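Hello,

Here is the structure we talked about handing over. Please open it alongside this note; the findings follow below.

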Amino acid sequence: MADLLPPGTTLAGCAVLATAAWHETILIAHMDNAYWLNRWERQDIGFHQTEINPYLREFWQRLQLSPASAVLVPLCGKSRDMVWLRQQGHTVLGVELSIIAAQAFFTEHALVSLDSACDRFTHLAADGIQVLCGDFFALSREDTAAVSAVYDRAALVALPPDMRRRYVNHLLQVLPPHTQILLITLDYPQHEMTGPPFAVSLDEVAALYRSRAEMTVLSQYDVLAQNPRFQERELSRLEEYVILLKTFAP
């Protein structure tokens, strides 16, 4: 059997790798808080974008918000997009599970945060940007009372199917009526790759939101050629969608 191992690899090493892979598979299957906390602790954050999202730059004006409007960024990580939104004049409310991610955001942007804690969240805030560090599902209507818009680039696609329904239901429950959502999602044959990011089709978005929001597809892109890491996973198709949702009262 040893003859079949790559050079320099021991049976013990293979056992360690197999155990780690098994652990990762279990975490993905359950996709609980521990999964994401573990990703941040290991700095396994390939989902983090180092540049401002180009779709945000291109399509944000379609929401026609006043500069002072408050914007919610769920599962925000340490996204630089929050800085861009603040530069447009918006106050920004991020929600993030990992304190490592939340603290890194303020450190990397040379912002000295004022920190406080309550029973549900640790609050970190500076220069019009506040991050609530804790469980997204603990978010309340009081937390989002001033919100006029939501920017979702990496929240919906980060969740497996059962949690996507729960996420959308909770989001719609806490948002004020007539909130706009700029949603960026991607679609590929789900059987060809284990997420995250997960495939979320236009049909699924419509099914998730149709009872509480109008849906407009702003753009659709074939992006497989621009994404080598997905080509390496041997995907046959990869599309990104930019979607505008306008919520209405139930």
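Y151 is buried, because its relative accessibility is 2%. Keep in mind that this is a predicted model. The partner of Y151 is W60, and the two rings sit edge-to-face, with centres 6.4 Å apart and planes at 85 degrees. The pair links distant parts of the chain. W60 is in the loop between α3 (54–59) and β1 (70–74), while Y151 is in strand β6 (residues 147–152), 91 residues apart. W60 is buried too, with a relative accessible area of 6%.

The aromatic pairs come to five in total. Another of them is F136 with F137. This pair is also edge-to-face, at 5.4 Å centre to centre and 80 degrees between the planes. Both F136 and F137 are buried. Together with Y167 they form one aromatic cluster. A charge sits here as well: R166 lies over the face of F137, 3.7 Å from the ring centre.

Y167 is buried, with a relative accessible area of 1%. Leaving aside residues up to four places away in sequence, Y167 touches P74, F136, F137, D152, A155, L156, L159 and Y209. One of these contacts is polar: the side chain of Y167 meets the side chain of D152 at 2.8 Å. L156 is 11 residues from Y167 in sequence, and the C-alpha atoms are 7.6 Å apart.

Next, the charged pairs. Side chains of opposite charge can pair when their charged atoms come close. The whole structure holds six salt bridges.

- E108 pairs with K78, with the closest N and O atoms 2.7 Å apart. E108 is in helix α5 (residues 99–108), and K78 is in the loop between β1 and α4 (81–87), 30 residues apart. E108 is partly exposed at 48% relative accessibility, whereas K78 is buried at 10%.
- D143 pairs with R120, at 2.7 Å from N to O. D143 is in the loop between β5 (129–133) and β6, and R120 is in the loop between β3 (114–117) and β4 (122–126), 23 residues apart. R120 is partly exposed, at 33% relative accessibility.
- E204 pairs with R164, again with the closest N and O atoms 2.7 Å apart. E204 lies in helix α7 (residues 202–209) and R164 in helix α6, so the bridge ties together parts that are 40 residues apart in sequence. E204 is partly exposed at 22% relative accessibility, but R164 is buried at 3%.

There is a network too: D187, R237 and E239 are joined by salt bridges that share partners.

Last, the cysteines. How many disulfides are there? The count is zero. C76 is in none, and its nearest cysteine sulfur, that of C133, is 8.6 Å away.

Best wishes

How values were computed. Residues are numbered from 1 along each chain as its sequence is written. This is a predicted model: local features need pLDDT of at least 70, side-chain atom pairs count only at pLDDT 80 or more; totals for chains, interfaces and linings use all residues. Side-chain values use heavy atoms; hydrogens and water are left out. A disulfide is a pair of cysteine sulfur atoms within 2.5 Å. Rings of Phe, Tyr and Trp (its six-membered ring) pair if their centres lie within 6.5 Å; planes under 30 degrees apart count as stacked, over 60 as edge-to-face and the rest as tilted. Helices (H or I, at least four residues) and strands (E, at least two) are DSSP runs, numbered from the N terminus. Buried means under 20% relative accessible area, exposed over 50%, partly exposed in between (1.4 Å probe, protein chains only). A charge sits over a ring if NZ of Lys or CZ of Arg is within 6 Å of the ring centre and within 35 degrees of the ring normal. Contact means heavy atoms within 4.5 Å. A polar contact is a pair of N or O atoms within 3.5 Å; within protein, one must be able to donate a hydrogen and the other to accept it, and residues adjacent in sequence count only if both atoms are side-chain atoms. A salt bridge is a side-chain nitrogen of Lys or Arg within 4 Å of a carboxyl oxygen of Asp or Glu.
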